[in-house]
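Reader: Please place the structure before us, so that its details may be discussed in order.

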Amino acid sequence: MGIFHRRSRAGGRGAPAVAPITATAGAVNGYAVLETVAALPVSTWRYLWEPEDVRHLGPMAQDWQAAFGFNQDGTSIPVVDGLGVALVCVQALHRRVEELTTEVDRLRGATEGRQS
């Protein structure tokens, strides 16, 4: 599905030759990530140098590091990790909605068969 109608730069005809910039990659259990995110404390906060009326929303970096083991210093949450976790959660939720939709359709069919 080409929502933005943009060709990927990852490969294909006319793609620039780019050296790999990542090391090993592995599969992720989306449901496990979703459960971890669901248990992650989220609060409002501000940096010490910001005015009192400024608020941010999200987990504390220490909680994030404890939950996922990313960014070993526990003082920040890299944007790429936050986006990756969010995307995995969206995928897991989508799969769950699909599963539930299938189950609802099955139950509706069973119920309609009994009412006839």
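This is a predicted model: local features need pLDDT of at least 70, side-chain atom pairs count only at pLDDT 80 or more; totals for chains, interfaces and linings use all residues.

Reader: Where is the place of Arg55?

Author: Helices (H or I, at least four residues) and strands (E, at least two) are DSSP runs, numbered from the N terminus. The C-alpha atoms of Arg55 and Ser43, twelve residues apart along the chain, are separated by 9.7 Å. Arg55 has its place in the loop between strand E1 (43-45) and strand E2 (56-58).

Reader: Is Arg55 buried, partly exposed or exposed?

Author: Buried means under 20% relative accessible area and exposed over 50%, with partly exposed in between (1.4 Å probe, protein chains only). The relative accessible area of Arg55 is 46%, and therefore Arg55 is partly exposed.

Reader: In what order do the elements of the chain run from the N terminus on?

Author: The chain holds three helices and two strands. From the N terminus on, their order is α-β-β-α-α.

Reader: What is the arrangement of H1 and H3 to each other?

Author: The axes, lines fitted to C-alpha atoms over the stretch in contact, are compared by N-to-C direction on a scale from 0 to 180 degrees. Those of helix H1 (residues 30-39) and helix H3 (residues 79-115) come within 8 Å and cross at roughly 110 degrees. Angles under 35 degrees count as roughly parallel, over 145 as roughly antiparallel, 65 to 115 as roughly perpendicular and the rest as oblique. H1 and H3 are therefore roughly perpendicular to each other.

Reader: Which residues in H1 meet H3?

Author: On the H3 side, the residues are Val85, Val88, Cys89, Ala92, Leu93, Arg95, Arg96 and Glu99. The residues in H1 that meet them are Gly30, Tyr31, Val33, Leu34 and Val37.

Reader: Is Val90 buried or exposed?

Author: Val90 lies in helix H3, and its C-alpha atom is separated by 8.6 Å from that of Leu34, 56 residues apart along the chain. Because its relative accessibility is 52%, Val90 counts as exposed.

Note on methods. Residues are numbered from 1 along each chain as its sequence is written. Side-chain values use heavy atoms; hydrogens and water are left out. Contact means heavy atoms within 4.5 Å.
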